[in-house]
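Please examine the sequence and the model displayed below. The explanation that follows moves from a sheet to the nonpolar cores, then to a helix and a loop.

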Amino acid sequence: MENVAIFDSPGKGRGLKATKEFWAGDVIFAELSIAAVVFDSLAERICHSCFRRQEKLQRCGQCKFAHYCDRTCQRAGWAEHKQECSAIKAFGKAPNENIRLAARITWRLDKEGSLVSDMQLTTLDDLEDHIADMQEEDLKEFKVDIHNFLDYWPRTSKQHTIDVISHVFGVINCNGFTVSDQRGLQAVGVGLFPNLCLVNHNCWPNCTVILNHGKIELRSLGKISEGEELTVAYVDYLNLSEERQKLLKTQYFFDCTCDNCKNGISDDLKMGGREVDGAKPSEEQVKEATDYCFQMLEKMDKARLNGDYHELVKICRNCIEKAEPILADTHIYLLRIWSTLSEVQAYLQYFDDSAEYSRKMVDGYVKLYPPNNAALGMAAMRAGVNHWQAGQIEVAHGMICKAYAILLVTHGPTHPITKDLEAMRIQTEMELRMFKQNEYVYHSMREASLKNKPMAMMHEPKSMEEGIKNLFHRRK
């Protein structure tokens, strides 16, 4: 960990600063978790050792809860699962993910001590738990987890005081980090990474965090000078300043004082009206359209949950017809509606529509997000695939190249998504040359390619917030 040093950050407490200069895409440090567990909802679909999604998983013959790709993964995960396996059998069922994670952390610390790695900069005891800052309702759930933990914790394991157990749960509550599947497209679990816990928040950060081949990587988003504090965004910048501050206060127990929050930077764009030839709609018109979109977003989510995608498309179209002439192309509600309609139309294989709305979404993101932002890169990737499916090869190649350039910085060249993008970039570049030489030959070749669907991303649409996740895990 020679690249970083702990220091007292003004107004924030402990933080990490760079001990050398970094450039965009540099890996500042990589870290394995102390422990990690699969989410309760995905326990039968994700390998509990490598966190890969598999069609068929082998179930642990003892506890009947843990699932693995094969015997290799089962053997690799046995050291972590051994005590958990016996505890689940004795308890009669698997407890929730927070209890399972707290138990795994405690077993490991009991076995190896407070420092489980030479690279570890801080101990669990030194991390904040913020129990005293918790709301009454959250505190009730917190106490229920502790009560259930005590029932679950084996009598044969080392016994701990309530204060020690409470501290572990408090640290998980504040600092749990989502673990993604092998391609980085879905959060599938939660883990604890002590060094990452020391990286403070900024709404316009100089670093990002990505999970790559089982380790988290703290990556530089641009030039970082020696001695500069390293920061990541705990919440999505697409939220309004007031909303970000509220989230940070309720979830992470601090007041953000960054320039973006203090000055409400970009809030006017996120809730503004559309300007046409110097003329803008009235504040009343913008408010009316904004309120209408907010109501429709709730209806859209219900239609999605019911699997009624044609109704969802109808709601989106009605909303766009009313709001698009009034709201700015950076209005966050309009961006969410475009994103939803693009995903659903791709799923229903109406690719021209999907391409149009995904391009609008990217155009809006470009005006709001920093240039090297993972959400922007993923949106450009989706737009590129949608335009390719729609036969618009020139726009498709441009979007894929844009996404590739961003993800080289945010994810790095060895990440599975970046490798996928590189293959797409090479393919679309070859197709673009063919298109310019002979359009008829290109379209004939494209029809053959479509049958194989090498770029298909038509998974079932998730919630409207699914594409823009917080980095840090929070219990719902």
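Strand E10 is mostly covered, with 6 of its 6 residues buried in this predicted model. In a regular strand the side chains alternate between the two faces of the sheet. Both faces of E10 are covered: one carries Cys-207, Val-209 and Leu-211, the other Thr-208, Ile-210 and Asn-212, and all are buried.

The setting of this strand is an open sheet of 3 strands, ordered E3-E11-E10 and paired in antiparallel fashion. Strand E3 (27-31) and strand E10 (207-212) each have a single partner strand and therefore stand at the edges, where one side of each is left without a neighbour in the sheet. From one strand to the next, the twist averages 20°.

The pairing of E10 can be followed residue by residue. Antiparallel to E10 runs strand E11 (residues 215-220), and 6 bridges join the two. Among the pairs, Ile-210 has Glu-217 of E11 as its bridge partner, and Asn-212 stands opposite Lys-215. The hairpin that connects E10 and E11 has 2 residues between the strands, and His-213 takes a positive phi near 55° in this hairpin. Helix H14 (residues 393-410) packs on the sheet, where H14 touches both E10 and E11; the direction of H14 makes about 110° with that of E11.

Which residues of the largest nonpolar core touch the most other members? That core holds 130 residues, and the residues in question are Ile-28, Phe-29, Ile-105, Leu-218 and Leu-230. Leu-218, leaving aside its neighbours within four places in sequence, is in contact with Asp-26, Val-27, Ile-28, Phe-29, Val-199, Cys-207, Thr-208, Val-209, Leu-230 and Val-232. Apart from this core lies another one of 6 residues, including Trp-388, Ile-393, Ala-396 and Leu-432.

Phe-29 is found in strand E3. Its relative accessible area is 4%, under the 20% limit, so Phe-29 counts as buried. With neighbours within four places in sequence left aside, the contacts of Phe-29 are Met-1, Val-4, Leu-16, Asn-195, Leu-196, Val-199, Ile-216, Glu-217 and Leu-218.

Attention now turns to a helix. Helix H3 (residues 97-112) has 16 residues and reaches 22 Å from its first C-alpha to its last, close to the 22 Å expected at 1.5 Å a residue. Asn-96 caps the N-terminal end of H3, with a side-chain oxygen 3.0 Å from the backbone nitrogen of Asn-98. Just after H3, Gly-113 takes a positive phi of about 90°.

Is H3 mostly covered or mostly uncovered? H3 is mostly covered, since 12 of its 16 residues are buried. The buried set includes Glu-97, Asn-98, Arg-100 and Arg-104 as well as Ile-99, Leu-101, Ile-105 and Trp-107. These buried residues of H3 pack against several elements: strand E4 (35-38), helix H2 (78-91), helix H4 (136-152), helix H5 (162-175) and strand E8 (187-192).

Why does Arg-104 count as buried? Its relative accessibility is 6%, and the limit for a buried residue is 20%, so Arg-104 falls under that limit. The side chains of Arg-104 and Glu-84 are joined by a polar contact of 2.9 Å. Beyond four places in sequence, Arg-104 is in contact with Ala-35, Ala-36, Val-37, Glu-80, His-81 and Glu-84.

The last stop is a loop. His-48 lies between E4 and strand E5 (58-59), in the loop there. At 7% relative accessibility, His-48 counts as buried. The side chain of His-48 reaches the backbone oxygen of Ala-43 at 2.8 Å. Leaving aside neighbours within four places in sequence, the residues in contact with His-48 are Val-38, Ala-43, Phe-65, Ala-66, His-67 and Tyr-68.

Methods. Residues are numbered from 1 along each chain as its sequence is written. This is a predicted model: local features need pLDDT of at least 70, side-chain atom pairs count only at pLDDT 80 or more; totals for chains, interfaces and linings use all residues. Side-chain values use heavy atoms; hydrogens and water are left out. Two strands pair if DSSP finds at least two bridges between them. Helices (H or I, at least four residues) and strands (E, at least two) are DSSP runs, numbered from the N terminus. Axes are lines fitted to C-alpha atoms, for helices over the stretch in contact, and angles run from 0 to 180 degrees between N-to-C directions. Contact means heavy atoms within 4.5 Å. The expected span of a helix is 1.5 Å times one less than its number of residues. Buried means under 20% relative accessible area, exposed over 50%, partly exposed in between (1.4 Å probe, protein chains only). A polar contact is a pair of N or O atoms within 3.5 Å; within protein, one must be able to donate a hydrogen and the other to accept it, and residues adjacent in sequence count only if both atoms are side-chain atoms. A nonpolar core is a set of buried Ala, Val, Leu, Ile, Met, Phe, Trp, Tyr and Cys residues joined through side-chain atoms within 4.5 Å.
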